[in-house]
Every structure is written in C-alpha cells, then in structure tokens.
Amino acid sequence: MSEENKPVASPCPPDKIIFDAERGEYICTETGEVLEDKIIDQGPEWRAFTPEEKEKRSRVGGPLNNTIHDRGLSTLIDWKDKDAMGRTLDPKRRLEALRWRKWQIRARIQSSIDRNLAQAMNELERIGNLLNLPKSVKDEAALIYRKAVEKGLVRGRSIESVVAAAIYAACRRMKLARTLDEIAQYTKANRKEVARCYRLLLRELNVDVPVSDPKDYVTRIANLLGLSGAVMKTAAEIIDKAKSAGLTAGKDPAGLAAAAIYIASLLHDERRTQKEIAQVAGVTEVTVRNRYKELTQELKISIPTQ
C-alpha cells in the first residue's frame, strides 16, 4: 500500500479495514464506515485472466543494457513503414517517417560522451562477437569502459585500445580464458598499446582482477583439440601439483595449461603435437617445450614411450 493510498486515522482496528477495488474505498468491516473514497487505482487500465494474456498486454520495456550507449532507454522508429494497423504508408507519409527517423537518430546522440559511447559500444559488440564472449562478460566490459569515460581516461587514447583493455579486464574478472594477444589481434592497435591501457584501467579505476589460473585455460584448449574429459582432469591435477611445488609463480598461465595438456594427452594416449597445442593455446612451441620439461622433471612424471 503506497503512502498516498493509506486510509486516514480511524478508531477502527487496522485488521478490520478492507479495500474495495471496484468502488475505490476503504471500509471498516465492524461499523461499515467508509474511511476514504475516490482512491486512484495505481494499476494498469486493462484486465487479464491468464498469465499469457497478462504478458501479452504488458507494456513494460526491456531491461537496462550497458552494451548500448544510452542503456536502451531511448525509443526507436521502425523501418517497416507501416501504421498501427499494419497497412503500408503512402509515399508522403513515408517521407515524413524518414525525416522523423533522421531527427530521432540525431537526438539520441548529442554530447561528445554520447558519440564516444556509441562508437565504443559498437566496437565492443564487434570484438565480443568475434571472440564468442557471453553477454555477462560484455556487460562487465561495458561497465568498466563507462567508468573510464567518466574519469576522462579515454581522452587522447584510441577508443579501440581502451575497449580491448576493458574486455580483457572483464574476461579476467569473470574467469574466462582469453589472452591479451587473442583480444589484440581483432583490433588495429598493437598488443603493447592494449596492455598499456589495461594497466591504466587497473591503476585508475581500482578494478579488482584476480590472478589468472592455468586451470581456466585447460577446458577451452582441450575442447578445441577434441580431447576427452579424462585428459582435462589429469591436466588440472598436474597444475594443482605444480602450484603446490611452487612451479607456477611468474609463468604464463596459458603456457602452463598447454604443457599440462600435452603431458596428459601423452599419459592417456590421445597424442597431440606440441605445435598443435601451442597454436590453440596462443603460445610458442618453445614455451610448451620448456614448461613440459620443468613439469616432468620437478613432478617426476614418467611419460610412456611410443
């Protein structure tokens, strides 16, 4: 019950007061006294008798979407050129609708921040689709970029580089295995520039980014190579042992994951070459070979001969 719809003070006990929705009145069931009348109905003007009918008649908009520059709050004029009854507009009306549409698009983007966000969100959507990122990661990246715009960190820097850095930070926060090289390859900026923007975001926005876990890369690399679940499990166990032995400090997590998968594939006789694994993991063959030697020697893993 809203504050403006509460009945006036009355000697009638609160549990005896009922609301008559048809008459818009508060009535005391003990005395029959009308405590308040002409109450404004705050609900919809339509009625629905089934959940399907209620959903069909509801006129609420969609949820806020951070990946759209105006969060999806503005309206859009459709391109169908049809009226409310579904009839095609005549040529004169069509020209009017075209003019309305043009001014509506101009009205959506007015300030420099709006223009910046519109361009950045399009870029974020493009990179996100190329990397097959889930919506949750894109939303997180959009939120990080908006904070960067609010603090003026984008000024004087490439929008593309800052967007790529925000995506990488979001992937790290959501524990999604994507390397900086993978993200940078879909931008015109080089890896060095994206890395510089990423460090800037961490420093200025105080973004809490967890340390990359090599196990986050195992499932993705193994799936791309078509390896079984047993190989993934063994690779994860090898990484856990390496952590306990202190072998993971300062090492590239993707390289460690690639080496663990290579060892596990040999143990389960699902052999893949170091070159194949290195290409999928986004590291060099030398990295896979060096990590492989370290893990087998330090953990005393015996590899079966071919």
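Predicted model: local features only at pLDDT ≥ 70, side-chain atom pairs only at ≥ 80, totals over all residues.

**Exercise 1.** Determine the handedness of the crossing of H3 and H5, and characterise the contact that the two helices make.

*Solution.* 
Step 1. The crossing of H3 and H5 is right-handed.
Step 2. H3 covers residues 112-130 and H5 covers residues 159-173; their axes come within 10 Å and cross at roughly 55°. Angles of 65 to 115 degrees count as roughly perpendicular and those under 35 as roughly parallel; H3 is therefore oblique to H5.
Step 3. On the side of H3, the contact is made by Asn116, Gln119, Ala120, Glu123, Leu124, Arg126 and Ile127. H5 contributes Ile159, Glu160, Val163 and Ile167.
Step 4. Sorted by class, the residues of this contact are six nonpolar, two polar and three charged.

**Exercise 2.** Describe how H10 and H11 pack, giving the crossing angle, the handedness and the residues in contact.

*Solution.* 
Step 1. The axes of H10 and H11 (residues 274-281) come within 10 Å, and the crossing angle is roughly 145°.
Step 2. The crossing of H10 with H11 is right-handed.
Step 3. Ala254, Ala258, Ile261 and Tyr262 of H10 meet Gln274, Ile277 and Ala281 of H11.
Step 4. The contact of H10 with H11 comprises six nonpolar residues, one polar residue and no charged residue.

**Exercise 3.** Which helices supply at least two residues each to the lining of the largest pocket, and which of them gives the most?

*Solution.* 
Step 1. The largest pocket has a volume of about 300 Å³.
Step 2. The pocket is lined by 19 residues, of which Tyr168, Leu180, Arg191, Asp252 and Pro253 are the closest to its centre.
Step 3. At least two lining residues come from each of H5, H6 (180-184), H7 (191-205) and H10 (253-267).
Step 4. H7 gives the most, with four residues.
Step 5. By class, the lining of the largest pocket has ten nonpolar, three polar and six charged residues.

**Exercise 4.** For Asp81 and Lys175, state the value of phi and locate each residue relative to the helices.

*Solution.* 
Step 1. Asp81 is not a glycine, yet its phi is positive, at about 55°. Asp81 is placed in the loop between H1 (51-57) and H2 (91-108).
Step 2. Lys175, also a residue other than glycine, has a positive phi near 55°. The loop that holds Lys175 runs between H5 and H6.

Technical notes: Residues numbered from 1 in each chain as written. Heavy atoms only, no water. Axes fitted to C-alpha atoms, helices over the stretch in contact; angles between N-to-C directions. Parallel < 35°, antiparallel > 145°, perpendicular 65-115°, else oblique. Left-handed = near helix turned anticlockwise from the far one by under 90°. Contact = heavy atoms within 4.5 Å. Nonpolar A, V, L, I, M, F, W, Y, C, P; charged D, E, K, R; others polar. 1 Å grid on protein atoms, 1.4 Å probe; cavity = no way out; pocket = protein on both sides within 12 Å on 5 of 7 lines; lining within 4 Å. Points joined across faces, edges and corners; volume = space filled by probe spheres on them.
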